[in-house]
Amino acid sequence: YSRLFYTKNLSPNRSGNISLRHIKDRVEGFLISPSGKKNTELKVNDIVFVTMNGIIEKNKKPSSEWKFHLDIYKATNYKAIVHAHSKFAVICSCLYNVIPSFHYMIALTQSKKIKVAKYSLFGTEGLSKNILKAIEKSKSCLISNHGQVSIDMNLSSAFELAEEVEMLCEYYYYCMLQKKPKKISSIEMSKVLKKIFNYKSN
């Protein structure tokens, strides 16, 4: 999936990171992409195991963002996280404080809007707290002046959601170039949220 960052143009060069809940030698934790390596060059041995107590596998260096992955896993039951520096998600994170319900597919995030977490230095506790606040009761958020985070029960779904969020950000950006887009009412979005669960199976 890290290689797909490149092939799908979702996160350039060494940017972005991916993790998955994992149990190793009966110890709960997660596997995460390493720090500083090109997404196209990653190998299985580069992947780093981090325990739920924050203990890092010896002689390996996880992504500098591993702390917010750990905190999301502690705060939720989700099993996979995709953090991307995708083009339009980054642009919108620099311009807006929220992506409103301008399009019904926002409901794929299990929310009526996509919040933008406040900026904080990457890899810090402050950023982790801001992300947790923004992604609460949702499966995605943007990170101000940074990128996006999408979470789900498996990597395939989390990656697909990250792609959907990127597309929604592109739509919103071009809409805003013309004028502020129409919003779908909260009542209508509630209807969409109830119906959206059957969307993928159809």
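This is a predicted model: local features need pLDDT of at least 70, side-chain atom pairs count only at pLDDT 80 or more; totals for chains, interfaces and linings use all residues.
User: Which residues touch the most other members of the largest nonpolar core?
Analyst: I99, I106, I114, L142 and C169, out of 22 residues in that core. A nonpolar core is a set of buried Ala, Val, Leu, Ile, Met, Phe, Trp, Tyr and Cys residues joined through side-chain atoms within 4.5 Å. Buried means under 20% relative accessible area, with a 1.4 Å probe and protein chains only.

User: Where do the core residues come from?
Analyst: α3 (87–95), β6 (114–117), α5 (155–178) and α6 (186–196) each supply at least two. The largest share, five residues, comes from α5. Helices (H or I, at least four residues) and strands (E, at least two) are DSSP runs, numbered from the N terminus.

User: And what is the second core like?
Analyst: It is separate, has 21 residues and includes M52, L127, I135 and I143.

User: New topic. What order do the strands of the sheet take?
Analyst: β3-β2-β1-β4-β8-β7-β6-β5, eight strands in an open sheet with mixed pairing. Two strands pair if DSSP finds at least two bridges between them. The edge strands, β3 (48–51) and β5 (98–99), each pair on one side only.

User: In which sense do β1 and β2 pair?
Analyst: Antiparallel, over six bridges. R21 stands opposite F30 in β2.

Definitions and conventions:
Residues are numbered from 1 along each chain as its sequence is written. Side-chain values use heavy atoms; hydrogens and water are left out. Buried means under 20% relative accessible area, exposed over 50%, partly exposed in between (1.4 Å probe, protein chains only).
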